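Thanks for coming, everyone. Let me put the structure up, and then we can walk through it together.

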Amino acid sequence: MNKIALFPGSFDPITIGHTNIIERALPLFEKIIVGIGNNQQKSYLFDIKQRRKWIQDIYKNYDKVTVKDYTGMTIHYCKEIGAQYLLRGIRTTADFEFEKTMAQLNQSMNADIETIIILSKPEYSHISSTIVREIIMNDGDPSQFLPDSVSKTLSIQ
Ligand code: ADP
């Protein structure tokens, strides 16, 4: 059976912290689906089209990586697309507590789906989409935290 992982998140925007997790997960799976959560209740800095396009551009030469957006529960979406694994990253103990709760919840709701967690590299553990958005909203330059193609389209290089 093909090992398919869903890497869910807001990716508002995608950072080099996210791309490092995907890069390190590539040897573990046959397919990684980057699932962009699109929650009507949540407000995003970048719309779904933009968030999707950035990720599609980054992985256009990677057969293993596809990008989809979804609404509703992540665990339901895994079932819909046939993903047996949920991929997540951890930077801090706060992330650990959150991810532990989510993984245990998801496991109790669907025991067939296993959460695989990859620890952030130390040099990426301070990087988050939230910090990047703060920098952008205050007219700063977040390019060191972003894939080149993302910084280019933000015209901040
Ligand atoms: P969410 O909106 O669900 O918090 P994000 O888009 O912020 O999702 O992140 C998706 C996943 O990537 C989460 O598991 C998050 O912990 C992980 N992640 C984000 N930034 C980093 C980073 N710098 N290093 C490792 N993992 C990260």
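Start with a term: a residue is near a molecule or strand if one of its heavy atoms lies within 4 Å of it. Around the ligand there are 17 such residues, and Ser10, Phe11, Gly89, Tyr124 and Ile127 come nearest.

Some ground rules. This is a predicted model: local features need pLDDT of at least 70, side-chain atom pairs count only at pLDDT 80 or more, and totals for chains, interfaces and linings use all residues. Residues are numbered from 1 along each chain as its sequence is written, and side-chain values use heavy atoms, with hydrogens and water left out.

A polar backbone atom of Gly89 sits 2.6 Å from a ligand oxygen. For a polar backbone atom of Phe11, the distance to a ligand oxygen is 3.0 Å. His18 uses a polar side-chain atom, 3.1 Å from an oxygen of the ligand. On its own, the ligand has 550 Å² of accessible area, and the protein covers 86% of that. Those areas come from the Shrake-Rupley method with a 1.4 Å probe; for residues, only the protein chains shown count as cover.

Next, the loop between β1 (4-9) and α1. Helices (H or I, at least four residues) and strands (E, at least two) are DSSP runs, numbered from the N terminus. Phe11 is in this loop. Its phi is positive, about 50°, although Phe11 is not a glycine. Is Phe11 buried or exposed? Buried, at a relative accessible area of 2%. The cut-offs: buried is under 20% relative accessible area, exposed is over 50%, partly exposed is in between (1.4 Å probe, protein chains only). Pro13 is in that loop too, and the peptide bond from Asp12 to Pro13 is cis, with omega near 0°. For context, most residues other than glycine have a negative phi, and most peptide bonds are trans.

On to helix α1, residues 16-25. Thr15 caps its N-terminal end, with a side-chain oxygen 3.1 Å from the backbone nitrogen of Gly17. Seven of the ten α1 residues are buried, among them Gly17 and His18.

Now the strands. β2 (residues 31-37) and β3 (residues 65-70) pair in the parallel sense over six bridges. Two strands pair if DSSP finds at least two bridges between them. From β2 the chain crosses through helix α2 (residues 48-58) to β3, and this β-α-β crossover is right-handed. That means a clockwise path from the first strand over the helix to the second, with the strands pointing away from the viewer. Asp69 in β3 is the bridge partner of Ile36.

How many salt bridges are there? Five, counting a side-chain nitrogen of Lys or Arg within 4 Å of a carboxyl oxygen of Asp or Glu. Asp69 pairs with Arg52, closest N and O atoms 2.3 Å apart. That links helix α2 to strand β3, 17 residues apart. Arg52 is partly exposed at 24% relative accessibility. Glu99 and Arg88 come to 2.9 Å, joining helix α4 (residues 93-109) to strand β4 (residues 85-90). Glu99 is buried, at 5%.

Conventions. A polar contact is a pair of N or O atoms within 3.5 Å; within protein, one must be able to donate a hydrogen and the other to accept it, and residues adjacent in sequence count only if both atoms are side-chain atoms.
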